[in-house]
Amino acid sequence: MDRRKSAGLALLSFAMLIVSLDQYIVVVALPEIGRELGYSAHSLQLVISAYAIASSGFLLFGGRAADLLGRRRVLMAGLALYTLASLAGGLATGPTWQLAARAVQGLGGALVFPSTLAIINTTFAEGRERNRALGIWGGSGAAGLVIGVLLGGALTRLFGWEAVFFVNVPLAGTALCLAIPLLDPGRPRDANRIFDLPGALTVTGSITLIVYSLVQGPTLGWTSPWILVTATAGLLFLVAFIGIERRSPDPLVPPNLFQNRVLTVALVIAFLFMATFGSLLYFLSLYFQDVRGYDPLQTGLAFLVPTAVVVAGSTVAGQAVTRFGLRRTLIAALAVGAGGAIALGLGMSAGGSYVALVPGLVGVSLGDGAVFTMMFIAAATGVSDRKQGVASGMVSTSSGIGAVVGLAVLVLVANARTSGLVGDELREAAADGIRSTIFVIGAGILLTLVFALRLRRPAAVCEVGR
């Protein structure tokens, strides 16, 4: 790998780390944010949801925009939005301002995520070179999810909740400044290709409204008029999107991409990955704080072991795929992850020790890091350079929706027996609920393994159509 490619990969991995860590960096700061800005118990979770809804809704848009408007250009636009929104979030004096900033952060992340992935997939040749690059990129992304909790705890303890927003300003700003000297501008825009704006608007509206309904459904009630209206509107937008795509000369999602068996399986795996592995961090944070009584800094330190293992798993995944093949390596990683989740659940109790959790944390974190990298390797396999952006957007969207659906379902499992309890009874019930949730996550990982068995390499690169 030449020096310029290495420098570009380092920058793309850094950008991915920034986006990933922000999904969880605010989790341990939520109690302090709620107290100082006047959130209600009902509205506090919107700090997480505002980011998730905006990010999920615009990922497909961001991926296609990267293909048509220039990947470096879209990446830089996303980093600029991220920098400004982070500054605004830290300066917020009330919930409305901060939630708007979080939504813009999500939009910025939706531009950055698929752009970094598409640039890597078009810079490095499919096979050993790309696998190694995605291993490094994936290690940064997977680690960012865990580092976010660690860093959030330390920053909140030392500097207050504002620091979890302000830290992104120098990070994203630095990445933005380095993009021009380190990344190639890419090919000029093809004047014969059009941006399917009606398709982009309808699919973004559909995903945003459906994700909003899934996020708010458990809180407002699934039969709430507002939830029914937003869910119905989301489905109508989806129907409109399908109709527009059938008539479009240059559709937002080229239909021939679905002929790629590896990509379609990767979309399912990405959904299930974030519904299982991706939700685990949330419940571990609750367990450490609400059950074990850890403060934000202690909670962050408790994630040191999984952070190290996730990084190791992601980094070696690309090399393992090159040596043993994608299907075999993915199945092994999922088996290890499922075993780790079961061991973690068995080690959990209201009065247990951290040491009892370590074997499970190691197993599930190893699977987490490896699968994170491999699902993106799968999504890029057999896809032409002209469509890498939209393929990246598709798999990113699937993972984002999976995170929302998984959390909505698992929260119901975790809280099934906690209503009306206080004190030690509540702590015991919370421990039992989280343990049950971990076992459900283990079952979901095994389901993911079933889909991984269907992976087959595509016969040829998808070049049909535009």
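Modeller: Happy to! A cavity here is a set of grid points where a 1.4 Å probe fits but cannot get out, and its volume is the space filled by probe spheres set on those points. Please keep in mind that this is a predicted model.

Searching the whole structure turns up 1 cavity of 30 Å³ or more. The largest cavity has a volume of about 60 Å³. Its lining is made by V146, L280, L281, L284, P306, V310, L361, V364, S365 and D368. Helices α11, α13 (304–324) and α15 (358–380) are the elements that each give two or more residues to this lining. Which of the elements gives the most to the lining? That is α15, with 4 residues.

Two packed helices are described by the angle between their axes and the distance between the axes. Helix α11 covers residues 261–291 and helix α17 covers residues 423–452; their axes come within 9 Å and cross at roughly 165 degrees. Angles over 145 degrees count as roughly antiparallel, so α11 is roughly antiparallel to α17. The crossing of α11 past α17 is left-handed. In the contact of α11 with α17, the residues divide into 19 nonpolar, 4 polar and 2 charged.

Note on methods. Residues are numbered from 1 along each chain as its sequence is written. This is a predicted model: local features need pLDDT of at least 70, side-chain atom pairs count only at pLDDT 80 or more; totals for chains, interfaces and linings use all residues. Side-chain values use heavy atoms; hydrogens and water are left out. Axes are lines fitted to C-alpha atoms, for helices over the stretch in contact, and angles run from 0 to 180 degrees between N-to-C directions. Angles under 35 degrees count as roughly parallel, over 145 as roughly antiparallel, 65 to 115 as roughly perpendicular and the rest as oblique. A crossing is left-handed if the near helix is turned anticlockwise from the far one by less than a right angle, and right-handed if clockwise. Ala, Val, Leu, Ile, Met, Phe, Trp, Tyr, Cys and Pro count as nonpolar, Asp, Glu, Lys and Arg as charged, and the others, Gly among them, as polar. On a 1 Å grid over the protein atoms alone, a cavity is a set of points where a 1.4 Å probe fits but cannot get out, and a pocket is an open set with protein on both sides within 12 Å along at least five of seven lines; lining residues have an atom within 4 Å of a point.
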